[in-house]
Amino acid sequence: MAEFADNRIPAHGMDAAAVLARLDEFAADDRDWRGGRVFSLVYDAGDDVRDLLTRAAARYAAENALNTMAFPSLGWMQHDIVTITTGLLGGDRRPGGSSGVRGYLTSGGTESLLQATKTARDWGRAERGVDHPNMVLATSAHAAFAKASHYFDVESRRVPVRPDGSADVDAMADAVDDRTVLVVGSAPSYPQGVIDPIPELGALAAERGVLCHVDACLGGFILPFLGTLGHVTKPWDLSVPGVTSISADLHKYGYASKGVSVILYGDKELARFQPFVTTDWLGGLYGSPSMAGTRPGGPIAAGWAVLHHLGADGYLRLAADAHRAASVLRACIEATPGIGLRGVPDATVFAFGGTDGPGGVDTFALGDALAERGGWFFDRQTPPDSLHATVHAGHAAVVEDLCADLAAATAELARTGARAADRGTTYGTV
Ligand SMILES: Cc1ncc(COP(=O)(O)O)c(C=O)c1O
């Protein structure tokens, strides 16, 4: 690993080739995701998409979406991405059509969820006079909502999920009160890949006069295609009555470079609560759609490029590949004694681990064994202890190898009864 510099900028510059060589040295310690052995952190659509992303991001590496008067192309690309996403996420199937739908790009799922929460807080304050707002969400809703609660002082009311991993709408209804501004559903949830009952959540929100955000950060760019292929039939998008906003990450199943997510509002009046505008300083009008000031052009350009390069037929092909790989992995988990799925996943995301009782192996020991056997990297989560698999198209080529390692590692653990000493979980690090 690299040695740290001693708190000083190097006295003399290094030539570019030497700097790039150092980066390659650093990266030698990183997981090699290109072969499909890393889950959940990287989405890979193959060499040609990777090459396009690199070139598009490099082309716009210096441009700044802070001010689209200087870089109108970034304004136009953002508009085009929002428009395409509106069509994908059911915006034009809303009762009044898509004319009221408005959207923004953010840097990722977390920022989209922060914005959805801040919008709800400001809407509640302005339209309902709510001064100590709360939001009601399942325990499966993403951790970014906990961050949003902390940042924006919106009380978070987490309600346990049902045994299948889905949001318990009746229990959530009990948690709604006159200070509730937002009800959240996931499509699907990260921990167990379950699509919440969005029609029921939308109806609850509409009945109680509150907002309903669908976190489709994970599913937004694959569920439409899995729907076309007939693999997903549950309603989950902006066309569902009562849903007021939705988020979808291009940098997940949109296969874009990191740093681009979309948030859409079903109503333009609601969308006005998201941006921040001030003239209260000496630098002129500061209008900003999201958290960041300077907003890198690279992810926007790469996101636009991949959407247009793949098109509907490309995304359909990738969705079919991801679904096939997920089905194979799921079947081998279900067929292997000693391990099983957690909850009842809907699509290509799921969690698995040792079963309870005799014959069940230790989940984290299984994670260690898979890393050792084949360099497989799974996020570890709890409760319950599980390994997390976000299966994407790039896994199709290696899923049979994974199944073989899974069967062998589980059989060995069943024999030895080994338990991992390290019980730590690993979603994100500081
Ligand atoms: C359902 C869901 N929401 C939000 C996020 C947060 O996205 P990001 O890591 O881009 O901030 C994730 C990340 O996996 C997710 O799965």
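A residue counts as buried when its relative accessible area is under 20%. R380 has a relative accessible area of 14%, so R380 is buried. The model is predicted.

**R380 and its surroundings**

- R380 sits in strand 12, which covers residues 379–381.
- The side chain of R380 makes a polar contact of 2.6 Å with the side chain of D368.
- The R380 side chain also reaches a backbone atom: the oxygen of F364, at 3.3 Å.
- Setting aside neighbours within four places in sequence, the contacts of R380 include G367, S386, L387 and Y427.

**The ligand**

- In the side chain of T110, an N or O atom is 2.5 Å from an oxygen atom of the ligand.
- H251 places a polar side-chain atom 2.8 Å from a ligand oxygen.
- For Y427, the distance from a polar side-chain atom to an oxygen atom of the ligand is 3.2 Å.
- On its own, the ligand has 390 Å² of accessible area, and the protein covers 86% of that.

**Helix 2**

- Helix 2 runs over residues 47–59, 13 residues in total. From first C-alpha to last, helix 2 reaches 18 Å, close to the 18 Å expected at 1.5 Å a residue.
- V49, L53 and A56 are the buried residues named in helix 2. They span an arc of only 75 degrees around the axis, so they lie on the same side of helix 2.
- The buried residues of helix 2 pack against helix 10 (297–335).
- The face turned away from the buried side carries exposed residues: D47, T54, R55, A58 and R59.

**Helix 3**

- Helix 3 covers residues 72–88 and has 17 residues. At 1.5 Å a residue it should span 24 Å, and its end C-alpha atoms are 24 Å apart, which agrees.
- Buried residues of helix 3 include L74, M77, I81, V82 and L88. Q78, D80, T85 and T86 are also among them.
- The buried residues of helix 3 pack against strand 1 (102–106), helix 8 (223–228), strand 7 (261–265) and helix 10.
- G90 follows helix 3 and has a positive phi, near 80 degrees.

- Most residues other than glycine have a negative phi, and most peptide bonds are trans.
- S40 has a positive phi, near 80 degrees, and is not a glycine. S40 is in the loop between helix 1 (16–27) and helix 2. With a relative accessible area of 11%, S40 is buried.
- Y255 also has a positive phi, near 60 degrees. Y255 is in the loop between strand 6 (245–249) and strand 7. Y255 is buried, at 3% relative accessible area.
- The peptide bond between T382 and P383 is cis, with omega about -10 degrees. The bond from P383 to P384 is cis too, with omega near -10 degrees.
- P383 is in the loop between strand 12 and strand 13 (386–390). P384 is in the loop between strand 12 and strand 13 as well.

**A407, a partly exposed residue**

- A407 belongs to helix 12 (residues 399–416).
- A407 is partly exposed, with a relative accessible area of 37%.
- A407 and L66 are 341 residues apart in sequence. In space, their C-alpha atoms are 51 Å apart.

Note on methods. Residues numbered from 1 in each chain as written. Predicted model: local features only at pLDDT ≥ 70, side-chain atom pairs only at ≥ 80, totals over all residues. Heavy atoms only, no water. Helix = DSSP H or I, 4+ residues; strand = E, 2+ residues; numbered from the N terminus. Expected span 1.5 Å × (residues − 1). Buried < 20%, exposed > 50% of the residue type's maximum accessible area, 1.4 Å probe, protein only. Arc of directions from axis to C-beta. Contact = heavy atoms within 4.5 Å. Polar contact = N/O pair within 3.5 Å; in protein donor to acceptor, adjacent residues only side chain to side chain. Areas by Shrake-Rupley, 256 points an atom, 1.4 Å probe, with all protein chains shown as cover.
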